Amino acid sequence: MKLISGIPASYGITIGPAFVFDRAEIVIEPHTIEDPAAEWLRFEKARKDTLSQLDEAYRVTMEECGEEEAEIFNAQKLMLNDPELINTAKSRVENELISIEAALYETTESFARQLEAIEDEYLSARALDIRDVSSRCLRNLLGINKSPAASLTIPSIIVAQDLTPSDTVLLDKDFVLGFCTAEGGSTSHTAILARGLGIPAVVGIGEGLEEIKPGDNLVIDGDGGEVIINPDKKTIKEFTARQSRLKELQAEAEAVSHQPAITTDGHQVEVVANIGNVDGIQSALDAGAEGVGLLRSEFLYLERQNLPSEEEQYQYYKTIADAFGERPVILRSLDVGGDKEIPYIDMPPETNPFLGVRAIRLCLTRPDLFKPQLRAALRAGYGNNLKLMFPMVATVGDVEDIREIFEECKKELRAEGHDVAEKMDIGIMIEIPSAAVLADQLTDVVDFFSIGTNDLTQYTMAADRTNAHVATLASGFQPAVFRLIKIVIDSAHAKGKWVGLCGEMAGELLAIPILLGLGLDEFSMNPPAIPFAKRLINSISYEHSKQIAENALQLRSDQEIRDYIKKEVPEVNPG
Ligand code: PEP
Ligand code: MG
């Protein structure tokens, strides 16, 4: 038995076998071959395997997404059968006696570069396909398991160096008992996804990852941030008992989840959900969400191979907004860059991607991305309560630019005869310290704020949210972050505007009493956290929480604040 410490990322306890997810790099060792015919036979076998995998990918994608997305795999099959590509690679093997891996890699790279050089969006995107099919074939040649996700066949705990959003969407969630990663902090996307799914997770275990072997029995303690490898009987018994206590607590919380969140002295706040797609609707409603405080639209862009059209976005946003009827749904405009990459959106490499052209900065320079989304939102917002908000706003000028394009889209749509939302509220996320400091000016140009503490924390503390080594600094419990939150709420309230918070903190029981006391109007969180948050809000008084907030803001460290809350509000300790 061995204990490894990491960062608690998603509540709950889970026990099960380790599935070590290894996205192995392709390494091609240069060497001279002796038998080109044998080398070619190896290629033929790998090509056959690749073609049947592409058939399977076509079938699954057709079932899950539709013909347009599935077609990509047919196109990739054509590429792998392209006589020009095959003959070029073959003649290099025969004439230069290089390995088929080197020949295939160099040939496909050269084809891809030629396509990229043509200034045509469609052909450039084909370069990506050539690289994709080449890498699939190379993995087959090298015997590297191409899709680790495919071999997940029994309920397991996913153990990985790190998981990209695209890795994670491929996993069959029915078989995922928990997550454990070497990298990442509590607001990394693995953590957010785990919380969204209600799956226990510990991230940032660093070198501890090397201790875990495939099939090891693991305990994941998502509250304490601990992983136990091959626990003894006594430990298993202890954690099984804690698991049952947590289930009881959950039942208690679920009993109040469909009631409003009102403090014991009558102060009501809104508790809404963070969702990423249509699948999130039901879990949000079941959990007692009073609306959606953050619809992460980038998920629509992530799970596919090409840009969603305006029409598709319209249908998608409308389905979600209509499902909530009069309840608000806040759609966030495309937020990519940083650690969220979309392979088919061309974003130049950045030295500091979190500080570069991401989120609204990308959209403001790419009307081809931004306008279809705004138009789709304006159309989808007709007859329901859809609101729009924009991530990563840094200046008042950003909002003015957004409004100009927004009004332009509205005018165009009306001229085209579309029904558009009569009045659509526009808000911004406060996630850059400059926006918090300028909140009194920004409040004049928006209808609401939603504080994105995941990013606000990393920018305030200059601590990368995905870097486990600075996880203590990248904590929303840092006094500086709470002070900025206070500035934002006070500035908005002074002008009669409301403030929500959709960073991970909104669903953290330890943070709720302080946020409540600071006057936060709306708490937006992953659906599984909603019942627990409501249970807590219903159990404390607004007057007490105001006192708590005032005292907490005088404390000098993240730890002092956490300890103070644990002592002051015993209800925050789960299980
Ligand atoms: C945030 O930064 O707090 C936020 C909610 O946005 P994301 O985590 O998607 O960057
Ligand atoms: Mg953010």
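Phe448 is buried, with a relative accessibility of 1%, where buried means under 20% relative accessible area, exposed means over 50% and partly exposed lies in between (1.4 Å probe, protein chains only). Trp498, at 25% relative accessibility, counts as partly exposed. This is a predicted model, in which local features need pLDDT of at least 70 and side-chain atom pairs count only at pLDDT 80 or more, while totals for chains, interfaces and linings use all residues. Residues are numbered from 1 along each chain as its sequence is written, chains are lettered from A and ligands numbered from 1 in the order in which they are written, and side-chain values use heavy atoms, with hydrogens and water left out.

The structure holds 5 aromatic pairs, counted among rings of Phe, Tyr and Trp (its six-membered ring) whose centres lie within 6.5 Å, with planes under 30 degrees apart called stacked, over 60 edge-to-face and the rest tilted. A pair of aromatic rings is described by the distance of the centres and the angle of the planes. In the pair of Phe370 and Phe390, the ring centres are 6.0 Å apart and the planes stand at 80°, so the arrangement is edge-to-face. Phe370 belongs to helix 13 and Phe390 to strand 13 (residues 386-390), so this pair ties together parts that are 20 residues apart in sequence; helices (H or I, at least four residues) and strands (E, at least two) are DSSP runs, numbered from the N terminus. Phe370 and Phe390 are both buried. For Phe448 and Trp498, the centres lie 4.7 Å apart and the planes are at 5°, so that pair is stacked. The pair of Phe448 in strand 15 (residues 448-451) and Trp498 in strand 16 (residues 498-501) links distant parts of the chain, 50 residues apart.

## Helix 13 and its two partners

Helix 13 (residues 367-380) and helix 14 (residues 396-415) have axes that come within 9 Å and cross at roughly 60°, the axes being lines fitted to C-alpha atoms, for helices over the stretch in contact, with angles running from 0 to 180 degrees between N-to-C directions. That angle makes helix 13 oblique to helix 14, since angles under 35 degrees count as roughly parallel, over 145 as roughly antiparallel, 65 to 115 as roughly perpendicular and the rest as oblique.

The axes of helix 11 (residues 310-323) and helix 13 come within 8 Å and cross at roughly 40°, which makes helix 11 oblique to helix 13. Helix 11 passes helix 13 in a right-handed crossing. The residues making the contact include Tyr314 and Tyr317 of helix 11 and Ala376 and Arg379 of helix 13, and the contact as a whole divides into 6 nonpolar, 2 polar and 5 charged residues.

## Helix 20 and its surroundings

Helix 20 (residues 530-539) is mostly covered, with 7 of its 10 residues buried, including Phe532, Lys534 and Leu536. These buried residues pack against helix 8, strand 9, strand 10 (268-275), helix 9 (280-287), helix 19 and strand 17 (522-525). Helix 8 and helix 20 pack at an angle of about 75° with their axes 8 Å apart, which makes helix 8 roughly perpendicular to helix 20.

His258 sits in the loop between helix 8 (233-256) and strand 9 (261-262) and, at 57% relative accessibility, counts as exposed. Leaving aside neighbours within four places in sequence, His258 is in contact with Leu285, Asp286, Ala287, Gly288 and Lys534.

## A buried glutamate in a loop

Glu504 lies in the loop between strand 16 and helix 19 (512-518), and is buried, with a relative accessible area of 6%. Apart from its neighbours within four places in sequence, the residues in contact with Glu504 include Arg195, Asn274, Arg296 and Asn526.

How values were computed: Contact = heavy atoms within 4.5 Å. Left-handed = near helix turned anticlockwise from the far one by under 90°. Nonpolar A, V, L, I, M, F, W, Y, C, P; charged D, E, K, R; others polar.
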